[in-house]
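Please look over the sequence and the structure before reading on.

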Amino acid sequence: MDPVRNPYAPGAGQRPPELAGRGRELEVFDIVLERIARGRPERSLVLTGLRGVGKTVLLNTLRSQAINRLWGTGKIEARPDQSIRRPVAAALHMAIRELAPRHRAPDRIDDFLGVLKAFALRSAPGGSGGSGRSGSASRLRDRWQPGIDVPAATGRADSGDIEIDLVELFTDAAEVAADVGTGVAVFLDEMQDLGPEDVSGLCAACHELSQLGAPLIVVGAGLPHLPAVLSAAKSYSERLFRYQRIDRLDRIAADQALCAPAAREQVEYEPKALDLLYEKSGGYPYFVQAYGKATWDAAPRSPVTAADVRVAAPEAEAELAVGFFGSRFERATPAEREYMRAMAALSRVETPDGEGGNGSGDRDDMDAAVPTAEIARSLGRKPASLSPARDALIKKGLIYSGERGTVAFTVPHFGRYLRTQPA
């Protein structure tokens, strides 16, 4: 079939042609926006899930919903060892610029921008803003300007204490939005990468806003251990956010993700082809797109058959091995790779043939969590000696600790990939 007409889009954060299986999440967010518009109390939102389940795509779609309701919005991506101060300032600058044309008092906008500039330029007392770098990088940072053409205000959101400053900044931004009868939404991806002080400050700001009923919400997305990260910062965080776990697609939604865009190109799938595609992809949205794209290119004509899927599968798997799995594995040091290989060997879940497996005894869903003590035992090492490798892998977003004393891969099928690679 014509590869130019191939509708599938396996890309990082790239919206698929059919956003299947996420209707509930979109409906919940619509309710949140409507409740806030009516002055009803509402919590900020946190999306959690493994890599490849479409959290970033969903975050962008939720942002579009807010924009359609004339909210001011801004989006940032957290990074390890980087202060949240300037990214948040950039996001709120964008949000307020969206609201400014509808505000009747330009001076009110300028007043807020002065506070925003002060917040952006203020570093922590005795520190450099949380980036952990020094020397020439620090001097460059000191000369950084946020692109706001008003003088920095004093006495508001400029204490250097991120908790105090975020509360004041978010409160002021919400007041600007209330002036025009709308709200502000800050979208924060990779939220688990925030530093402890920034997480604490963000939780405190969301808590204050919810108590005030102010029209500003944070919509975060992160890995499965994000709720534990938030809970460690503030004990009340489990009541502060509305948590939504984003998982792989069920069979109906996965079929829809493949069939709906194909139908728009007058292409159909045979039932056995869909059976095999679901078995190969496991329902993970990124994999659905990857196998769908390879199958389209391999199929000579419509309808697409199971034979076409079998021909295309090695191509899809080779691309995943390089771009999705291999690129992550290459980021690890030799010690970290040894740790992950031990994890992979221990995480394999055996199932009898015909009971949900793929015929090899190795299940197609995510690998099981592995006790860290078992990893140490398999490597003949003391658990404490492996802590640096484990902590580095968590920081790199390759594994996570969902429960104390256990670790699991953040990437679906990563254990299975490692088990197929030569040592």
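Leaving aside its neighbours within four places in sequence, with which residues is Ala153 in contact? Ala153 is in contact with Gly114, Val115, Ala118 and Asp158, where contact means heavy atoms within 4.5 Å. The model is predicted, so that local features need pLDDT of at least 70 and side-chain atom pairs count only at pLDDT 80 or more, while totals for chains, interfaces and linings use all residues. Residues are numbered from 1 along each chain as its sequence is written, and side-chain values use heavy atoms, with hydrogens and water left out.

**Two loop residues**

- Ala153 lies in the loop between α5 (136-142) and α6 (162-179), with helices (H or I, at least four residues) and strands (E, at least two) taken as DSSP runs numbered from the N terminus.
- With a relative accessibility of 24%, Ala153 counts as partly exposed, a class between buried (under 20% relative accessible area) and exposed (over 50%), computed with a 1.4 Å probe on protein chains only.
- From C-alpha to C-alpha, Ala153 and Ser64 are 32 Å apart in space, and they are 89 residues apart in sequence.
- His225 is placed in the loop between β4 (216-222) and α8 (226-233), and it counts as buried at 10% relative accessibility.
- Not counting residues up to four places away in sequence, His225 touches Gln192, Tyr400 and Ser401.

**Packing of α12 and α13**

- Helix α12 (residues 285-298) and helix α13 (residues 306-330) pack at an angle of about 130°, their axes being 8 Å apart; axes are lines fitted to C-alpha atoms over the stretch in contact, and angles run from 0 to 180 degrees between N-to-C directions.
- That angle makes α12 oblique to α13, since angles under 35 degrees count as roughly parallel, over 145 as roughly antiparallel, 65 to 115 as roughly perpendicular and the rest as oblique.
- Residues making the contact include Tyr286, Phe287 and Tyr291 of α12 and Leu320, Phe324 and Phe325 of α13.

**Nonpolar cores**

- The largest nonpolar core has 73 residues, and those with the most contacts inside it are Phe29, Ile217, Tyr269, Tyr339, Met340 and Phe414; such a core is a set of buried Ala, Val, Leu, Ile, Met, Phe, Trp, Tyr and Cys residues joined through side-chain atoms within 4.5 Å.
- To this core α13 gives the most, with nine residues.
- A second, separate core of 51 residues includes Ile76, Leu166, Phe170 and Leu230.
- Not counting residues up to four places away in sequence, Phe29 touches Leu45, Leu62, Gln65, Ala66, Phe187, Ile217 and Val219.
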